[in-house]
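This report looks at a protein structure with a view to its domains, its chain contact and its aromatic rings.

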Amino acid sequence: MKKSVFLGTVAGATMLAGAAMAGTLDDVKARGELICGSNTGLTGFGTPDASGNWVGFDVDLCRAIAAAVLGDGSKVKFVPTTGETRFTALQSGEVDVLVRNSTWTFSRDTELALDFVAVNYYDGQGFMVKKDLGVSSAKELDGATVCIQTGTTTELNLADFFKQNNISYTPVTVADDSEAQRQYLAGACDAYTTDASGLAASRATMPDADNHIILPEIISKEPLGPVVRHGDSNWGDVVRWTYYALLIAEEKGITKANVEEMAGSSTDEEVKRLLGVSGDMGPKIGLDNAAFKNAIAAVGNYGEIFAANIGEGTTINLARGLNALWTQGGLQYAPPFR
Amino acid sequence: MAMVTDAPKESFRLSMLIYDSRYRAVTIQVIVLLLVGLFFAWLLNNTAQNLAARGKEFNFGFLWARAGYDINQQLIPYTNDSTHFRALLVGLLNTLVVAILGCILATFLGVVIGVLRLSKNWLVGRLMTVYVEVFRNVPLLLWILLSYVIFSETMPEPKAFRLTDDMIAAGEEPAASKILFGTVAITNRGTSIPAPLFDRSLGSVDLGFVSINLTALATILVLIGSIWANRRLLASARATQEATGIRPVVWWKSLLILFGPFIALMIALGLHFELPELKGFNFQGGIQVAHSFTALLIALVLYTAAFIAEIVRAGILAISRGQSEAAFALGLRPGRTMNLIILPQALRVIIPPLISQYLNLTKNTSLGIAVSYLDLRGTLGGITLNQTGRELECMLLMMLIYLTISLIISALMNLYNQTVQLKAR
C-alpha cells in the first residue's frame, strides 16, 4: 500500500491526512519484484534449500505469479511469516500476496478483510504420534498433551474435536513447525496436530520418520490457498488466474518443457488464448499477453509442481487425492479460460 | 521637587510574545502544546483512516464472543466455550501469579545475596560477585529458555514412570520414580504435586463472574489472625522487658499461636492430599505445574535477584561505618547488627530502586511467550489477537492493563516507602 500523508497547518491548526491506495499490481511492476509471504520453513511447501533458494509447492506459485507479472520467476522476495504474523504482514502491505498454507475461513475472508482467491491444496487436520505410544485413533488420545501451532484454525478445531468426543487434552502452544517438531521429538507432547500435509512434510524431515504415524482421522476441512488484501480485485484476479492457468495447463497437457512448442503448434483455442497466441486475455487484467505462458515456463503446470515438491516419490510422499484434477476424481477445477 | 510619574503604559504588541521575557516562556509552551496536540491528532487521524481503508472498525465487542481455544494453566474455571474476556482474565491471573511470586522470591534471594556479597569470607563474597555478574549480564530471555530446556530435555517422559505387568514379572523397576516419598513427579512436561483436598469443604460463593472459595478465605483469615495475635504477644513481651528488664519466655506460646489455629482448622476441614498418579498419557490428580511456569519463575527470580542484590549492597554501604562500629561497641553480634541497625536504615536507600525492579519483573513476565506460557501476552495479545484479528484493540487493552498493574505496584511500594522514610521531626 502506498500512502501519502499531507500535513498542513493553516490558520492555527487544520490538518489533512490522506491515505491513497494504489493497485498492488502497479506497485509490483514499479518495484520490479514480487514480495511473497511464505512459511518460516515447511519442507516441500516453502523453505530455503541448502544454498538459500526458496523452494516448495507454495513457493512455486509465488514464482508463477512473479513470472506472469514481471516475466521472470526469480524476481520474488520471500518474507517468512509465522501463523501469528502472516495476516498482519499482508494487511499492512508488507507482502503483496500470502502463499503460506493458510486456511480459507469465513471470518478470515470477512472480518480480517482478506480475500482467499483460490485453493491450491485441499487439506484436513490430522494427528501425528510416535508408534510406540500404541495409539491407532485420535479418539484414544484422552488426557494426552498435544502440540499445536498458535494463530491457526487447527488450534480451534483441536478444541472442538476433543470437546465433541468428550475427551480431555493439554495444549502446548508453539509458534511454528520447527518448534513444534522440537517439542514433539523431545517428548514434551504426545501428539502433534496440524494440516495433514504439514504433518507429512514435518515427518519427512525427522531423522526417524518410520517411528511416527499419522492417525487416520482427518478432523477438519483445511482449504489452503493464496491470500490477498480485500478491496484490490484486480490484483486478486491476477493471482487467481495465474493459479488457474497452472491448472488448465495440466488439464491440457502443457508442461514446462513443451510450453513453447504448444504455443507454436496447438490448435486448441483455449490453449492458444492461455498461452497468448490468440486473443488479448493478458492485457485485460493489466498483464502481457504472454503472462501465463511465462508462468508455466517458469515453474511448470500444477501437476508438475505437485510432483516435484510434495508428490509421490519425494520425501513427503503425498498422494494427489483431493488435489487431483476434476477429470481424475479430484477437486482441482479451473473455470474456462475465455 | 521631583515629580513621580507613572511609567508610560506600554501597549501590547504581537512582537512582545517573542522579544519580551515576560511572555516568551508562555509563548514557547503554547507552541509546544499545540505541536504535541497536532502530533496526537495526526496519529489518531492516521489510525482511523488506515482502519477505514482496511474495512476494519474499532470496538471491543469481540471480548464477549466465544474464545474457542484452550489454555493449559487456569487459576479460574475456563473452557473453550468461555468468552475472550474470560481468557483475558485467565491470562491476567497467570501474569499476576508469576509477578507476585517472582517479586517475593527475588526479594528474599536478592537480600541474602546482597548481604553475603559483603561477607568477610573471601570465598562467599567472590561467589556472590560471580553470581551477580553472570545473571545480570546475560539477557533474561536466554535464562528463561535455558531453564526451560533444562527441564524439558533432562527430565524423564511420563511413560518412564510406568510399571507394567511384564516389568513386575521380570522384577524390573520403572526408569523413573517420584521424589519426596513418592509425592512429587517431575516429568519433561511439568511437575505434579499433591493437591490439598478437604472432606468438609466450606464451598464457595458465586459473585457473577468470580466465585470466592470459602475454604481458602477461612484459611487466609485464620493465618492473618494468628500473625496479628503473635505480634500482640511479642509486643507485650517487649513491654514487660522494658518495664522489668526481664524478657518472658514466649517462644512456645508464639509457636502455638502461629500454628495451633491453622492446624485445628485443617483438621476440622478434613485435609488430605491427593497424590498425582500416572494414568494414560500423563499424571492425573494433584496439581500439574507446567514447566513453562516453573522455568519462567526461576529465570525471573534469579535474574531480578542479581539486581536486587546490588541495590541491597548499595543500601548497606550507604550506612556509615560508625553505625556498625557503635553497634559492635555495644556488644551486638554481627547478625543482630545487620538486622537491627543496618538493614532498617538501609531500607530508605533500597526501596525506591526496588520499586523499579518490581516493575521490571512484572513487565518481564511477558517474555513467557518464549516458552509458551499463556499469560496476558499469550492469551489476549497472542491467541485472541490472532483469532479475532483485532490487533489495535488487543494491543491497546494489553498496554492499558500492564500500565495499571505497574501503577498499582508503584503506588503500594510508595506507601511502604513512606513508612520507612526518615521522619523529619
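## Basis

The structure is a predicted model.

## Domains of chain A

Where the two domains of chain A meet, domain 1 supplies 17 residues to the contact and domain 2 supplies 14 residues. About 1200 Å² is buried between domain 1 and domain 2 of chain A, and 60% of that area lies on carbon and sulfur atoms. The count of salt bridges across this domain interface of chain A is 0.

## Interface of chain B and chain A

The size of an interface is often given as the accessible area lost when the parts come together. For chain B and chain A the buried area is about 3600 Å², with carbon and sulfur atoms giving 46% of it. The contact involves 50 residues of chain A and 41 residues of chain B.

Between chain B and chain A there are 4 salt bridges. One of the salt bridges pairs B:Glu153 with A:Arg182, and their closest N and O atoms are 3.7 Å apart. This N to O distance of 3.7 Å falls within the 4 Å limit used for a salt bridge.

## Aromatic rings

Over all chains, the count is 31 aromatic pairs. A:Phe127 and A:Phe161 make up a tilted pair, with ring centres 5.7 Å apart and planes at 45 degrees. This pair joins distant parts of the chain: A:Phe127 belongs to strand 8 (residues 125-130) of chain A and A:Phe161 to helix 5 (residues 153-164) of chain A, and the two are 34 residues apart. Both A:Phe127 and A:Phe161 are buried.

Ring pairs also build a cluster in chain A. Its members are A:Phe45, A:Phe57, A:Tyr121, A:Trp241, A:Tyr243, A:Tyr244, A:Phe292, A:Tyr302, A:Phe306 and A:Phe337.

## Charges over rings

A:Phe306, one of the cluster members, also has a charge over its ring: the charged end of A:Arg320 sits 5.1 Å from the ring centre. Elsewhere, A:Lys130 lies over the face of A:Tyr184, at 5.3 Å from the centre of that ring.

How values were computed:
Residues are numbered from 1 along each chain as its sequence is written. Chains are lettered from A and ligands numbered from 1 in the order in which they are written. This is a predicted model: local features need pLDDT of at least 70, side-chain atom pairs count only at pLDDT 80 or more; totals for chains, interfaces and linings use all residues. Side-chain values use heavy atoms; hydrogens and water are left out. Rings of Phe, Tyr and Trp (its six-membered ring) pair if their centres lie within 6.5 Å; planes under 30 degrees apart count as stacked, over 60 as edge-to-face and the rest as tilted. Helices (H or I, at least four residues) and strands (E, at least two) are DSSP runs, numbered from the N terminus. Buried means under 20% relative accessible area, exposed over 50%, partly exposed in between (1.4 Å probe, protein chains only). A charge sits over a ring if NZ of Lys or CZ of Arg is within 6 Å of the ring centre and within 35 degrees of the ring normal. Contact means heavy atoms within 4.5 Å. Buried area is the accessible area (1.4 Å probe) that two parts lose on being put together, summed over both. A salt bridge is a side-chain nitrogen of Lys or Arg within 4 Å of a carboxyl oxygen of Asp or Glu.
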